[in-house]
Structures are given as C-alpha cells and as structure tokens.
Amino acid sequence: MKPIFGRGPSLQLRLFLAILLSASLMLADSRLGAFANIRYLLNSAVAPLQYAANLPREMLDVLRGQFSSHQRLLTENKALKRDLLVMKSNVLLLDQLQQENQRLRSLLGSPFVRDERKMVAEVMAVDSDPYSYQVMINKGRVDGVYEGQPVINDKGIVGQVSYVGAHNSRVLLLIDPTNAIPVQVVRNDIRVIATGGGRNHQILLEHVPSSTDIKKGDLLVSSGLGGRYPEGYPVARVTSFSFDNKRPFAQITAKATVQFDRLRYLLLVWPTDRVKMSTEPAVTEAAPAPLVAPVVAPVTTTTTTAPVVPASNKVNHANQ
C-alpha cells in the first residue's frame, strides 16, 4: 500500500544543506558585507528595547534623588559651591596658560591647537563576551557620531567608536586586544605603540628595544600620530619593565588611567580638523541639505555644530 505522505530527504542531507547555507551566508556577510543594512535596521529596531531596559535604572535614580534628605542636599550644595569656586580659579589660570601655550606654538610654527568639540554620552550596556571589551552608548548617527571617533572621560582616553547606529553606538575600549594607540612618554617624549592587554586594565608596549629609556612610573599620553586620537590625553602609567638577553625586545606593561569597570559618562571628541570641516561655508554649490539636523552637544568646549560624517568610514583598530 502506498503511504499517504511521501518520504522527504534524509536527515543527513537536510543537515548538510543547512550547514552549507549557513556557511554561505556567513561568507557573504564577512567578505561582501551583504547584511550590513539589515544589521543596521535590526539595531535601530532593538534600540527602543535598550532604552526600555535602561529606564528602570533612571527611574530608581530619580526616586533616590527625590527621597534624599534636605539637610544632605544643603551640605552637598555648600561643598559643590566651594569646589566650584576652586575650579573657577583654576580655570582662570588654565586659560592664561592655554593662551601662552598657543602663542608659543604659533611662534614655533606648530599646527597643534586644542579646540576640540566634545559631547557627553552615557553607557547603556556592557558587552558580556569575555574576549571582547566594548560598551554601548546612547549617541548615534543622528548626533553626528562617526566610526573611529575618539572617546575619553575625566581620567583619559577610553577608546574609539567601532559601530554607529541611528540612536546608539558601540565603543571599542582601549584594553581590547584588537585596539592600539600611538603614545609617548611624558618624561622624555619617546614614542611607542601601546596595545590592549585584555585584562586587569593592562596596556602592553610592543617592539620596544631593551635599551629604551622607559622606567616604572612613567606616564604615557597620546602622541597624536595617525590622526585618530588627539594629542596629550593620558593613556596609562608604566608598571613594569623587564628584558631578557635572549629576546630582541623588552617586556613592558602599563596600567590604564581609566577605570573601565566603572564607566558611565563618556565624552565624544571631534578633533580639530573635523571641527573646522564642519564650520567651513558651503554656499558656493547647490548641495542638498543634510537629512538629519546637527544636534548641539550638552557639554561642549566650542560653539560649533556636530559634523556630518559619511557612514562608510571604517574603524582602523591599529589606529594607523
């Protein structure tokens, strides 16, 4: 008797076809970027869920602030006023030193002028992958964020933007093993390349000869080479220097100045050249108006607007 339902392909053949289809899709995505737009749309669709997941913490912060005692608020207000007075006096001195430094650099013909634009961003999520060190922030393409943009906080350089969505972005932290940054020693201006150690806030200095004048306790700052990170921001402090006669290079480790396990508020930095590009007049040609209006940053050092950056920029993890 003939069965009612015909027998389909064997389970082994189905498994082989599924594996072949999966491998083809992964190859097309990694080599051709066929699903970049789909990932962008999915990221934009998931963004409301991320904001919704972040909403309870914001509500708890509001409730905690509402139930703070009046006396405690008065005490904190007095302390903040005293700190503000001290900070204002320091800013007066800083402005004077900055003007003097700019005059000296102009005299020496140096092109470096510190007038970057900055925008405050908040950390929304942390990557749970133990081999990847990334965080998600609440600023995206509509805010003028671009791939490869440097990110800092009050302690120093945090990393660079590795992916930009419509309303959020992903930041590759400085301690990630795939991240690198050109640095220099403050004490003697020696320039080296620092890479992420991947654990314990560790930074590694690679391909440094054993005769190099680097000591324990030396402060490393960004050198500005490569054009990715601005010059002069703290990166790490050397914790150990050792060498073996059997090896051509010394083993140097440093500890990052930023506490990556306590990140919450970050600063997105637009370097000087991008700030100038965003302020240049473009009325000589009938160029189409931008689709998204620039957003004014909550905390900025200049009054320029956010630059519009093409979406095709790719992050160079070696920082050139």
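Mentor: Start with a network. R57, D61, E122 and R264 are linked by salt bridges. Keep in mind that this is a predicted model.

Trainee: What makes the contact of D61 and R264 a salt bridge?

Mentor: Set the distance against the cut-off. The side chains of D61 and R264 come to 2.8 Å, N to O. The limit is 4 Å between a side-chain nitrogen of Lys or Arg and a carboxyl oxygen of Asp or Glu, so the pair qualifies.

Trainee: Where in the chain do D61 and R264 lie?

Mentor: D61 is in helix α2, residues 36-66. R264 is in the loop between β11 (251-256) and β12 (265-270). They are 203 residues apart, and the pair links distant parts of the chain.

Trainee: Why are D61 and R264 called partly exposed?

Mentor: D61 has a relative accessible area of 24%. R264 has 29% relative accessibility. Buried means under 20% and exposed means over 50%, so values in between count as partly exposed. Therefore D61 gets that label, and R264 gets that label.

Trainee: How many salt bridges does a search of the whole structure find?

Mentor: Six. One of them joins E76 and R72, at 3.2 Å from N to O. That value is within 4 Å, so the pair counts. E76 and R72 both sit in helix α3, residues 70-108. They are four residues apart, about one turn of the helix. E76 is partly exposed because its relative accessibility is 36%.

Trainee: What makes R187 and D213 a pair that links distant parts of the chain?

Mentor: First, the bridge itself: their side chains meet at 3.2 Å, N to O. Now the places. R187 is in the loop between β6 (180-185) and β7 (191-196). D213 is in the loop between β8 (202-206) and β9 (219-222). The two are 26 residues apart. R187 has a relative accessible area of 42%, so it is partly exposed. D213 is partly exposed too, because its value is 36%.

Trainee: Let us turn to the strands. Why is β5 called mostly covered?

Mentor: Count the residues. β5 spans residues 169-173, and four of its five residues are buried. Buried means under 20% relative accessible area.

Trainee: How do you know that β2 and β5 pair?

Mentor: Pairing needs at least two bridges. β2 (residues 134-137) and β5 have four, in the antiparallel sense.

Trainee: What joins β4 to β5?

Mentor: Five bridges, with the strands running antiparallel. β4 covers residues 157-164. G159 has L173 of β5 as its bridge partner. β4 and β5 form a hairpin, with four residues between them.

Trainee: Which residues have the most contacts inside the largest nonpolar core?

Mentor: L205, F260 and L268. The core has 43 residues. Beyond its neighbours within four places in sequence, L268 touches residues including M119, I137, V145, V151 and V161.

Trainee: What makes the nonpolar surface patch, and how do you know that F16 is exposed?

Mentor: L13, F16, L17 and L20 make the patch, about 390 Å². F16 is in helix α1, residues 11-32. F16 has 51% relative accessibility, over the 50% cut-off, so it counts as exposed.

Trainee: How many helices and strands are in the chain, and what share of its residues count as buried?

Mentor: The chain has four helices and twelve strands. Of its 320 residues, 32% count as buried.

How values were computed: Residues numbered from 1 in each chain as written. Predicted model: local features only at pLDDT ≥ 70, side-chain atom pairs only at ≥ 80, totals over all residues. Heavy atoms only, no water. Patch = residues over 30% accessible without salt bridge, like charges linked within 9 Å, V, L, I, M, F, W, Y side chains within 5 Å. Areas by Shrake-Rupley, 256 points an atom, 1.4 Å probe, with all protein chains shown as cover. Buried < 20%, exposed > 50% of the residue type's maximum accessible area, 1.4 Å probe, protein only. Core = buried A, V, L, I, M, F, W, Y, C linked by side-chain atoms within 4.5 Å. Contact = heavy atoms within 4.5 Å.
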